[in-house]
Amino acid sequence: MSSQTTSSPNTQPQRIAIRIPSWAAYGREIYRGITSYILEHRVHWELNTDLVTDDEIRPASNQGDWDVDGAIFFRYTEQEAEAFRELGRPIISISRESTAEDVIRVHANNRAIGRLAAEHLVAIGAPNLACLGDSKRLYWQDRVDGFVEAAGEMNRTVKIIDFEASSLPRADRWRAIYEAMKVGLSSLKKPVGLFVRDDIAARGVTDVARDLGINIPKDLAVIGVGDDDVLCSVASPALSTIEIPARQIGYLAARCLDEQLRGEASERMVYELGGSRVIRRDSTSLLMVEDELVSQAWELIRARAPREKLVVARICKELGISTTTLIKRFRDQLGRSPKEVIDRTRFEEAVKLIEGTQWAIKRIAYELDFRSPEEFDRFFKRQSGQTPGNFRSQVRQDV
């Protein structure tokens, strides 16, 4: 972390261009991260950014004359990168798609996102797995690689449905995408867990599935990326998604730009941020197995394990089944034991509290029904390889 920056209020502000597309729903969180850095480090910046204002504010002029000192762009063209080089002004990229070697890049770890999606769909018992997206996009290639890698580790194969949305003409693009999705979904062996490029495409999948008479989530479990609250909420059923660490991206991008403007060398040229997590909604709410007893045990675990020290013996007693039988049926259906599902559920809840609250680790330990902070430390380290305190410190270092 760089030392705190201070600026005299009498100095001329540095003009910073920021460009984030309106369709990136997490863009607001990126702006919040940038703002947090500005306020925390008291940098004297004047932000020059495109805003949708119904033509009530003069448009920003960051689209060609480059009368700015630096920029944070979601994506830039080769011509834009060259213009900034000639002027000796830095750009920070916050997209995987812009890959000039001399431009610092800050974005989510897309491979890790793909792994999260695979782990989530396997955890709900999806017997078949598939991915749907645009192979021309580098971020999607990374997500697919992570998804296939994690699926392979769990002895699962993956069907990949590819449609090059980015190459289609804008006129009636949605119709071509709709038809491609229609063909792709019809070809899948059901029931299936489907990982989709992003929330926009995932919403399209729910529309196509409805028209084809495919039941979500019984026959088709769907998960997207981005946590677009509007798209996910208005879909029927509501969409599960993977959250992007947008605020951390904005904060780190601002930090990198500030360092560049002050002539400091960057630690590295590419920052891939972790911290993504699954937001589980209705589109992956059912366990996709035929074993009713496993489904009952799984629902019990999901409901109680996050804040209760649930043990397998207690589940078996409530369901009237032997421990040996439940373990065997879990392994047959889900490829993991009931204890592994319990531990994973509790770990996910712990991560949510560590990242999303300012609670002391001691309080989190007791909230999760551990007997002591030391017991919680040991549990968390078994799951992640580090203590909860170190995990929280790492998350904060990432921003």
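Two strands are taken to pair if DSSP finds at least two bridges between them, and helices (H or I, at least four residues) and strands (E, at least two) are DSSP runs numbered from the N terminus. The structure described here is a predicted model, in which local features need pLDDT of at least 70 and side-chain atom pairs count only at pLDDT 80 or more, while totals for chains, interfaces and linings use all residues. Residues are numbered from 1 along each chain as its sequence is written, and side-chain values use heavy atoms, with hydrogens and water left out.

We can start with the sheet. Strands β1 and β3 run parallel and are joined by 4 bridges; within this pairing, Ile 16 stands opposite Gly 70 of β3. The whole arrangement is an open sheet of 6 strands in the order β2-β1-β3-β4-β5-β11, with parallel pairing. The edges are held by β2 (45–49) and β11 (270–273), each of which has a single partner strand, so one side of each is left without a neighbour in the sheet.

Two helix pairs are worth a look. Two packed helices are described by the angle between their axes and the distance between the axes. The axes of α5 (residues 173–186) and α6 (residues 199–212) come within 9 Å and cross at roughly 65 degrees. That makes α5 roughly perpendicular to α6, on a scale where angles under 35 degrees count as roughly parallel, over 145 as roughly antiparallel, 65 to 115 as roughly perpendicular and the rest as oblique. The α5 and α6 crossing is right-handed, the term for a near helix turned clockwise from the far one by less than a right angle, with anticlockwise giving left-handed. Residues making the contact include Tyr 178, Met 181 and Leu 185 of α5 and Gly 204, Val 205 and Val 208 of α6.

For α9 (residues 292–304) and α12, the axes come within 9 Å and cross at roughly 25 degrees, which makes α9 roughly parallel to α12. This crossing of α9 and α12 is right-handed. Trp 298, Ile 301 and Arg 302 of α9 meet Pro 338, Val 341, Ile 342, Thr 345 and Glu 348 of α12.

Turning to charged side chains, the count comes to 40 salt bridges, each defined as a side-chain nitrogen of Lys or Arg within 4 Å of a carboxyl oxygen of Asp or Glu. Glu 97 and Arg 137 form one, with the closest N and O atoms 3.9 Å apart. Glu 97 lies in the loop between β4 (91–93) and β5 (104–108) and Arg 137 in the loop between β6 (129–133) and α4 (138–153), so the pair ties together parts that are 40 residues apart in sequence. Glu 97 is buried at 16% relative accessible area, whereas Arg 137 is partly exposed at 25%.

Within helix α12 (residues 338–356), Glu 349 and Lys 352 are 3 residues apart, separated by about one helical turn. Their salt bridge has its closest N and O atoms 3.3 Å apart; Glu 349 is buried at 11% relative accessibility and Lys 352 partly exposed at 37%. Glu 375 and Arg 371 also form a salt bridge, with 3.3 Å between the closest N and O atoms. In this pair Glu 375 is buried at 12%, while Arg 371 is exposed at 68%. Finally, a network of salt bridges links residues including Arg 302, Arg 344 and Glu 348.

Methods:
Buried < 20%, exposed > 50% of the residue type's maximum accessible area, 1.4 Å probe, protein only. Axes fitted to C-alpha atoms, helices over the stretch in contact; angles between N-to-C directions. Contact = heavy atoms within 4.5 Å.
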